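Here is a friendly briefing to read alongside the model. Please keep the viewer open as you go through the points.

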Amino acid sequence: MDLLDVTLRVVAVLAAFLVLPLLVGQAEHKVMAHMQGRVGPMHAGGFHGWAQLVADGVKFAQKEDTVPTGADRRIFQLAPAVALVPYCVVLVAIPLGPGGLVGQVVDAGVFFVLAVLGIGILGQLMGGWASNNKYSMLGGMRTAAQLMAYELPLILAAASVVMAAGTLSLTGILDGFQWWWVPWQLVGAFVFFTAGIAELHRPPFDAPIAPEEIVFGAFTEYSGLRFALFLLAEYAGIVVISALTAVLFFGGWHGPLPDQLGWLWMLLKTAALCFLVIWARVAWPRLRADQIQKFAWTVLVPLALAQIALTGVVKVVIS
Amino acid sequence: MSAGALPALLAAEESGRGVLSPSGVEIVFLLVAVVVLGAAILCVTSRHLVHAALYLVVALGGLAVEYLLLTAEFIAWVQVLIYLGSVVVLLLFGLMLTRAPIGPSPDADSANRPVALVVSLAAAATLVTLVVDAFRTTWIDLDTPHGRSDALGESLFRAWVLPFEALSVLLLAALVGAIVISRARRDDSEEGRG
C-alpha cells in the first residue's frame, strides 16, 4: 500500500464524512416539510433552498463561542471533538463496493465499528457534566442510561449476523452474503436499526436532548461552532448507522452488476434507511425516559436473543 | 545481570532485534507506554473526580493502542468496546448520579494513600518479575498478525473451553446475585412502608 493510495482513501473518507451528513440534513429539512404540508427552505442558493445548510454553517461560524463561567473549561471545549471524531473514524471501515472499495479492511470490523461508536457518547457525557447546568446534567444522565440499555441489543443483533457469516470482517460478511439472509436476519435488522437510532438520540428516542423539557440536554450551554459540531455528529451518526445496517443486514453493494454499480446500490440502501430515520422523527411522538428503558429491556433484548437462537438453529441445520 | 545474559544480548544485537537498535514500532510502543503510565498516575492523584475518570479513558485507550502495536487487533477492539464504551460510561454515570462537583473535591482523598502505594508497587514488582522471567528474550515476529479473531476463536473454544465455561458460570452467578440483592432491598422498603 503506497502513500498515494493511502492519501486517496483518507481524502475520500473525509469527503464522504463532510458531504453525506449535510445531504441527510438537507433531506431532513425538505422531507419533514413536505410530510407536514410545508415546502421547507426555498430561498438560500436559489433552487429549492439547496444551500440552506451552507448558510446555517456560515451563521454558526459567525456566532460567539461562549463558555459558561462555572464550567470546566477544557473538558467543555474538548467535548464536541470527542463526540464527532469517532464517526469519521468508523467510516474508514465501511465498504462501499466490491474489490477493496473500502477505506481500510479491518479484520475484526464489526467489533471495530461498535467499539469506536461507543466513544462518541463519551463526548456528550463530558459536555453534559462540564456545562455545570442542571439541564445538561439531566441530559447527560439520560444519555448514559440510554447507552447502557441499547448497547446490548445493538451488539447482540450484530453478533447474529457475525454468526451467520462466520466472520467478523465487514468485507467478509458482504462477500458471503446471500439474498435469503435478509428474511433470515430481519428481526435482527429491526433490533439493530432501532437500537442505533436510540443511541443517536433521534426521535422518538430523544428524551436525552428533549428541547421542550430539558432544553437540548447536554448541548444547552453550547453555541456557535461547537454546537454545530454536535449537530454534525448527529447527522454523521445517522449516515453511519444506516450504512452499517445496509452492510450487515441488506447486503451492502449486492445488486445487479455489482462490479460496476455496487457503490450505487450501497448509497441507495443507505439513503433509504436515512429516509426511515427522518420519517420516524415526523411519525412518532417522543417516548418518556422510562418507556425508552422498558422498550430496550423488554422488547429489543428478547428479540435480539430470539434472533441469535434462530441464527444458531438455521446455521446448524444447513451446515 | 547474570553471566549468560550478556552473550544472549550481544547475539540479539547482531540479528538486529536488540535494545540498542529499536525499530519504529518499538519506539512508538514505548512512547504510548509513557502516556499510559502518566495518565494512570494522574488518574489516581487527581483531586477532580471526573478528570480522574477521563484520565482513565486515556490510560485504557493507550492500552488498546499497545495491543494494536502488538498486532492483537481483536483484543484491542474488545478493550475499547468494554472498557471505554461501557465501564467508563458506567463510572461517569455513577459520578453524575452523585453530582460530582466542578473543581477539586478535597474529601476525595483517603488516609490509605501510603498503603495503596505499597500494594500497587508490590503488585507491579510481582508482575514485572513474572513477565520478565516467563518470556526473557522471546521474540514476537510482528509481521504476521497474531491476534486475528479466527485463530483466537479456535483456541478459545477448543483448547480453553473449560476455563471459558467456568468464567461464564461465574458471571451468571454474579448476575443472579445482583438480582437477588436488588429484589431483597425492594421487599424491605415495602415492609417499612406498610
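**Confidence and conventions**

Chain B has a mean pLDDT of 79, with 82% of its residues at 70 or more; pLDDT is the predictor's confidence in each residue, from 0 to 100. This is a predicted model, in which local features need pLDDT of at least 70, side-chain atom pairs count only at pLDDT 80 or more, and totals for chains, interfaces and linings use all residues. Residues are numbered from 1 along each chain as its sequence is written, while chains are lettered from A and ligands numbered from 1 in the order in which they are written.

- For the complex, the predictor gives an ipTM of 0.76 and a pTM of 0.81.
- Helices are DSSP runs of H or I with at least four residues, numbered from the N terminus.
- Where pLDDT is low, the predicted coordinates should not be read in detail.

**Where the chains meet**

- In chain A, 27 residues are in contact with 22 residues of chain B (contact: C-beta atoms, placed from the backbone, within 7 Å).
- α4 (109-130) and α5 (134-165) of chain A are the elements that give two or more residues to this side, and α4(A) provides the largest share, 11 residues.
- By class, the side of chain A that touches chain B has 20 nonpolar, four polar and three charged residues. Here Ala, Val, Leu, Ile, Met, Phe, Trp, Tyr, Cys and Pro count as nonpolar, Asp, Glu, Lys and Arg as charged, and the others, Gly among them, as polar.

**A helix crossing in chain A**

- The axes of α1(A) (residues 3-35) and α10(A) (residues 224-249) come within 8 Å and cross at roughly 95 degrees. Axes are lines fitted to C-alpha atoms, for helices over the stretch in contact, and angles run from 0 to 180 degrees between N-to-C directions.
- The contact involves residues including Phe17(A) and Leu20(A) in α1(A), and Leu232(A) and Tyr235(A) in α10(A).
- Its residues divide into nine nonpolar, one polar and no charged.

**Backbone details**

- The peptide bond from Pro203(A) to Pro204(A) is cis, with omega near 5 degrees. Pro204(A) lies in the loop between α8 (186-199) and α9 (211-214) of chain A.
- His201(A) lies in the loop between α8 and α9 of chain A, and its phi is near 60 degrees, a positive value in a residue other than glycine.
- Just after α5(B), Arg136(B) takes a positive phi of about 45 degrees.

Methods. Two residues are in contact if their C-beta atoms, placed from the backbone, lie within 7 Å.
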